[in-house]
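This briefing covers a ligand site and the salt bridges of one protein. Look at the sequence and the model first, then read the points below.

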Amino acid sequence: MKAFIHPNKTRPGGCHLGQEYAVTPWEVKGKVDYLRLAREFGVQLITDEDVSLLKGLTGGDVHYLIRRGFFYAHRGFREILERARSGGSWALYNGRGPSGDLHIGHLVPWILTKWFVDKFNVHYFFELTDDEKFLVRDGYTLEETNRLAYDNALSLIALGFTPDRLHIIVDTDDVAYLYKIAVKVAKKLTLSTVKNTFGLTDSNNIGATFFPAMEIAVAFLPTELFNGETPVLIPTAIDQDPYFRLARDIAESLNYPKPATLYSKFLPGLTGEDKMSASNPDSALYINDDDKEVRRKIMNAFTGGQPTAELQRRLGGNPDICPVYKYHMLLSDNDDEVRKIYEDCRGGRLLCGECKLMLYERVSAFLNKHRELRERAKDKINEYKISVKFK
Ligand code: TYM
């Protein structure tokens, strides 16, 4: 898919089109200014009031990914919370464009979604867009993206979801659930809206212009399946906003409730970029990286440290720009431990080598366990398929 960059202009597509960065569902480039991006996308920032409201509904608990500001923006989150408070039904939704390079960043929205399922006991719909990957990425056959859909689903199941709550949709296998909704969505979207929103051009294939209707359709599916208004909350990184901005624009005209979203920043690349990137394999920790590979990548990572141990001890490091610290922050639910890493780094008591080793141990323990749970999920995958539960 072509990059959506246009000099010195902001278009309704919502990515920033200046020179410094671009964010689209298919590409993230440059240094992302998240506050500016939220403003340009027209999304709200999560406020203390939103967090208090959430706390009131969960008995005082708020997931650390929200508490620490990694999930930082939203559309309509407040309405979902109000709905939860008044006992109305709602559901969770997000998804994955299946490929072989599933990395730790992809697990982040699912970790938060697991927390929502546990706290609110709501249904969770998960879309694997084997059609999207085939249509917008060169080099994949449809058979391959379909196989990868089932492979990627193992990682989701490994996070502990149960089949009574998690419903997995693989687009090309489960299209019957979506097609009627997608056709209605497609009729509401003009070609020029879709071209502008996603940065498509006349040289893209026609499948790429229809595909957004499939991702939007799942946002309306629970209302059809449960035969009553069931808005969804979509936890995702902010790159997926263009779909759901369009979904909210057309929802009422189709008699569906507007979907709500909760947006995170990106897990940064270990090599210092703003996002882990498949084009730079050293920037990301993939779920299939063995211990040796994980160790090598982490030990070579960019840090906010000083050039020498002596300077680090004297001046302290800068965790605010350090991906190693950010990984500790995003992979540990222990506030005291994370605070200590931050303060010890700032105070020169923690050297980068030690901090990297701690991260290596954390990631290696997580990945080894994760792979074991993925193996066990292989026998259970059919229980999660939407088609075995909703006829
Ligand atoms: P995909 O496969 O590009 O990404 C899957 C999910 O992971 C998020 N993500 C990240 N989060 C944190 N840090 C990162 N570095 C990072 N990279 C990716 C993405 O925002 C996404 O939530 N078209 C979608 C699949 C999809 C979907 C959805 C996603 C279908 N329906 C509904 C979200 C919500 C895609 O290709 O995602």
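Ala, Val, Leu, Ile, Met, Phe, Trp, Tyr, Cys and Pro count as nonpolar, Asp, Glu, Lys and Arg as charged, and the others, Gly among them, as polar. By these classes, the shell around the ligand holds seven nonpolar, nine polar and seven charged residues. The model is predicted: local features need pLDDT of at least 70, side-chain atom pairs count only at pLDDT 80 or more, and totals for chains, interfaces and linings use all residues. Residues are numbered from 1 along each chain as its sequence is written, and side-chain values use heavy atoms, with hydrogens and water left out.

**Shell around the ligand**
- Around the ligand there are 23 residues, a residue being near if one of its heavy atoms lies within 4 Å.
- Glu132, Glu215, Thr236, Asp239 and Leu267 come nearest.
- At least two shell residues come from each of β5 (91-96), α5 (104-120) and β8 (232-237); helices (H or I, at least four residues) and strands (E, at least two) are DSSP runs, numbered from the N terminus.
- β5 gives the most, with four residues.

**Atom pairs with the ligand**
- An N or O atom in the Asp239 side chain is 2.6 Å from an oxygen atom of the ligand.
- For the side chain of Thr236, an N or O atom is 2.7 Å from a ligand oxygen.
- In Glu127, a side-chain N or O atom is 3.0 Å from a nitrogen atom of the ligand.

**Salt bridges**
- The whole structure has 27 salt bridges, each a side-chain nitrogen of Lys or Arg within 4 Å of a carboxyl oxygen of Asp or Glu.
- One of them joins Arg67 and Asp335, whose closest N and O atoms are 2.8 Å apart.
- This pair links distant parts of the chain, 268 residues apart: Arg67 lies in helix α3 (residues 64-67) and Asp335 in helix α15 (residues 335-346).

Technical notes
Polar contact = N/O pair within 3.5 Å; in protein donor to acceptor, adjacent residues only side chain to side chain.
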